[in-house]
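Student: I've got a sequence and a model to look at, and I'd like to talk them through with you. Can we start with the ground rules and then go residue by residue?

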Amino acid sequence: ENIPTWGENNRLGEGAEISYSFAESNYACHQGETSCFSLNDFMPTGYQDTIALAFDAWATVSNLSFTQLSNQTGDIILGGETIDGSSNELGHAGIGVSFSNFGSEDTSFISNGFVHFDGDEPWSLNDFGTSLYDVALHEIGHALGLDHSNDPNAIMHFTYTGTNSLQLDDINGIQYLYGASVSPVPEPSTYLM
């Protein structure tokens, strides 16, 4: 079974380096449609830092690293879209899957992605309104290759429940795809020999 992950020759459990960037005012999505726009048009000041924190949360528990780029050149583009005009769908994400031949087998991999936030929501960087951090955490999970979870406590659960941190099911899913955080354990100053 070939489960697509980021990186052309990537294998399950191997890490990846992924870039992201924010849509600019000339952002068009869905094969040239003009229903998408820059987050600058409707997000509160400081939204970029909040979204960076959501990427950092995924990197903390997995072997993923993220770099922010400019000019819509990132692997994942974050923008706004008129989605439904109600609180039913706060955002959505998608991935592009490409195929290559790795050795003697054909493999699929994630080659690009997007995360869109509904331009009609009352977005908030704190506890009032719709939490940008919570929704970004969920939608970035999709852009990394995760589907919805059946665990009602998970950030990846299909219904927004107010969860504002990664839960065990989320962590298990991302580590299955990309492995655990890579951080060497420091040598203690004393130990038994």
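Tutor: Helices (H or I, at least four residues) and strands (E, at least two) are DSSP runs, numbered from the N terminus. This is a predicted model, so local features need pLDDT of at least 70 and side-chain atom pairs count only at pLDDT 80 or more, while totals for chains, interfaces and linings use all residues. Residues are numbered from 1 along each chain as its sequence is written, and side-chain values use heavy atoms, with hydrogens and water left out.

Student: How many helices and strands does the protein have, and what pattern do they follow along the sequence?

Tutor: The count is three helices and eight strands. Read along the sequence, they come in the order β-β-α-β-β-β-β-β-β-α-α.

Student: What percentage of the contacts with a separation of 6 or more comes from residues 24 or more positions apart?

Tutor: Contact here means heavy atoms within 4.5 Å. Among contacts with a separation of 6 or more, residues 24 or more positions apart account for 70%.

Student: Which residues does Ile51 contact, leaving aside neighbours within four places in sequence?

Tutor: Ile51 sits in helix H1 (residues 47-61), and it counts as buried because its relative accessible area is 0%. Its C-alpha atom is 9.2 Å from that of Ile140, 89 residues away along the chain. The contacts are Phe22, Leu39, Leu78, Phe117, Leu132, Ala136 and Ile140.

Student: Is Cys29 buried or exposed, and how far is its C-alpha from that of His116?

Tutor: Cys29 is in the loop between strand E1 (16-22) and strand E2 (36-37). With a relative accessible area of 5%, Cys29 is buried. Beyond its neighbours within four places in sequence, it is in contact with Ser35, Cys36 and His116. Cys29 and His116 are 87 residues apart in sequence, and C-alpha to C-alpha the distance is 9.9 Å.

Student: Which side chain makes a polar contact with the side chain of His116?

Tutor: His116 is in strand E6 (residues 105-118) and counts as buried, since its relative accessibility is 1%. A polar contact is a pair of N or O atoms within 3.5 Å; within protein, one must be able to donate a hydrogen and the other to accept it, and residues adjacent in sequence count only if both atoms are side-chain atoms. At 2.8 Å, the partner is the side chain of Glu81.

Student: Why do the buried residues of H3 line one face of the helix?

Tutor: In helix H3 (residues 168-178), the buried residues are Asp170, Ile174, Leu177 and Tyr178. Seen down the axis of H3, they line one face because they fall within an arc (taken from the directions from the helix axis to the C-beta atoms) of 80 degrees.

Student: Which exposed residues are on the face turned away from the buried side of H3?

Tutor: Just after H3, by the way, Gly179 takes a positive phi of about 85 degrees. As for the face of H3 turned away from its buried side, the exposed residues there are Leu168 and Tyr176.

Student: What is phi for Asn71?

Tutor: Asn71 is in the loop between strand E3 (64-68) and strand E4 (76-81), and at 52% relative accessibility it counts as exposed. Its phi is positive in a residue other than glycine, near 60 degrees.

Technical notes:
Buried < 20%, exposed > 50% of the residue type's maximum accessible area, 1.4 Å probe, protein only.
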